[in-house]
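Subject: Structure handover

Hi,

Here is the structure I promised to pass on. Have a look, and my notes on what turned up follow below.

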Amino acid sequence: MLRTIPGKKWLRWMHKAYLGLFLAYLALPLAVVAVFAFNDSTIPSLPWKGWTLDWFIGNGSTRTGMLRDGEIGASIGHSLIVAALVTLLSIGCGTTTAFLFERHDFKGKSLLYLLMLMPLVIPGVILGIAILAFSSTLANGLETHFGLSVEALRPGLLLVTLGQFSFIATIATLVISARLRKFDRSLEEAALNLGAGPLTVLRTITLPYLYPSMIGCGVVAFLMSFENFSTTLMLVGSDAPLTITMFNRMRQGSTPELNAVSLALMLASALLGLVSILAQHKKPPSE
Amino acid sequence: MSASTSVDTSGGLAGRLSFYLVLTPFLLWMLLIIVLPHVDLLLLSFKESATSVGLANYREFFGEPVYLRTLARTVVISILTTLLILLISWPVAYYIAKLARGRSKTSLYLACLLPFWVGELVRVFGWTIILRETGLLSRLLQHLGVVQGPIEFLYNDAAMIVGLIYTLMLFMIVPLISVLETLDDSLVEAGYDLGGNGWIVLRQIVIPHAMPGIASGCIIVFMLSLGSFLTPILMGGKSSQWFTEQIYTQFITRFNWELGSAFGFVLLAASSLVVWAGLKLSGQSLSSSLARGS
């Protein structure tokens, strides 16, 4: 079972064949979605009726391309706003929490660490309804006791952002902690000995070391926010993000326009994913 | 989280200041978004009417066979899915971690990551195009003359499991790869030198070493499967209800938040029970396996 050990030839061959099958299985649904985005038919299905770009740029009476579809455009806008906020919040909170657990000892640390991991094992639907119930309790309380009506606490983009942040921040913390743990503390001590203040050390030595992992986890946070469905579904108001809009269309019976949107998503996320890999692999000078 | 030295907290104003600076965002996140909402949800689940408190919602859950059956189905299918994913991804992870080298290793790893980046909705959408009555598979079989009329492959448990496997595979492969990469090749070689065959080496050397990765992969995949919503709705049949659907129905469709909250806690309890049993069986701990898996 190793390269160095001469195994049975057919066994190796089987292993390779299995891997080939597996890759085909991975690629098949995505390839199908991509190809049917170009089908000149009103349903994403066989028979093949020839190639068309209508589902991207069309503006006919029966066919609207994704670029001319106002609802899709608006929902992409909502998704982008939410994803940007979630990314910023997660990087910020993930970095400070990484410092909290890697650099400080305090009472109840392991208990709090376990608590920090909890959002990973709570299903998204439950995170969503918990935040929904709590914010509505708050909103109702404010309304009955102070006569305040706070729209932000009702389902909408702010709650969607908080819901996604609740578990994406855990992932950000784990990624940044892993990098912080590998940091050589003697670099900081050397800088301190040379007369730099703690803030200068943080700004010029420690944070630059963390930037690659912060960028990498930012990309992951952005992608996870963009594709999130179950938490979002529970907290969504009238402004639907892209996944919710697509889901509603899918239930009504889909047109190849959804394939076109999906293909655009694939290209965009592949690009972002590559950025994240490059960011993670870029070695800072200290290594 | 390890043997970090507490230089900063050992005293000094700056040390304490920096401690509170990094503690505050964490506490805000935990209290306002995780702890208080769940406490509120728990209180809600004990609410019987506007004024009285009691177990009525939990009684309703245990009194109605449909709810119990849905939960049992959800748990059983999630366990089955987890085991299937472990079986399917083991050879792939082993190949990527131990056999592939250089560029082929990187590209294989990327190939596994790529579908994950695209999002669950698109992946499930792809499967519905393939499996539905007018879909590719049905047409292909008709074209080949294997079957006469169109066949509906979608909307049953098997289709749903295919979808779940596809969606969650990555969460098993990544921890498996990372744990197998730490396995020293010479241990495997020694196993063979001492006369072990492939099966014995696998069972006595490779699997024990990989156990933390197996545990973390299984926990994450099981929890994600249990909590999944899209795949069961879009690929499962009308008769194959998923427990998260029940929660959604109570909350959004029927606006019965009290019963929905009780359902939420029943799901949390059931999942914790299964994960706890799994950890006991494999001899792992939650924090080590979760921190390792990511």
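Let me begin with one pair: Arg123(B) and Glu227(A) join their side chains in a salt bridge, 3.8 Å from N to O. The term stands for a side-chain nitrogen of Lys or Arg within 4 Å of a carboxyl oxygen of Asp or Glu. Between chain A and chain B the count is one salt bridge.

Some housekeeping: this is a predicted model, so local features need pLDDT of at least 70 and side-chain atom pairs count only at pLDDT 80 or more, while totals for chains, interfaces and linings use all residues. Residues are numbered from 1 along each chain as its sequence is written, chains are lettered from A and ligands numbered from 1 in the order written, and side-chain values use heavy atoms, without hydrogens and water.

Now the interface. Contact (heavy atoms within 4.5 Å) links 90 residues of chain A with 92 residues of chain B. The two chains bury about 8,400 Å² between them, with 78% of it on carbon and sulfur atoms; buried area is the accessible area (1.4 Å probe) lost on putting the two parts together, summed over both.

On the side of chain A that touches chain B, helix α1 (residues 9-36) of chain A gives the largest share, 15 residues. Helices here are DSSP runs of H or I, at least four residues, numbered from the N terminus. By class, that side has 61 nonpolar, 19 polar and ten charged residues; Ala, Val, Leu, Ile, Met, Phe, Trp, Tyr, Cys and Pro count as nonpolar, Asp, Glu, Lys and Arg as charged, and the others, Gly among them, as polar.

Best wishes

How values were computed
Helix = DSSP H or I, 4+ residues; strand = E, 2+ residues; numbered from the N terminus.
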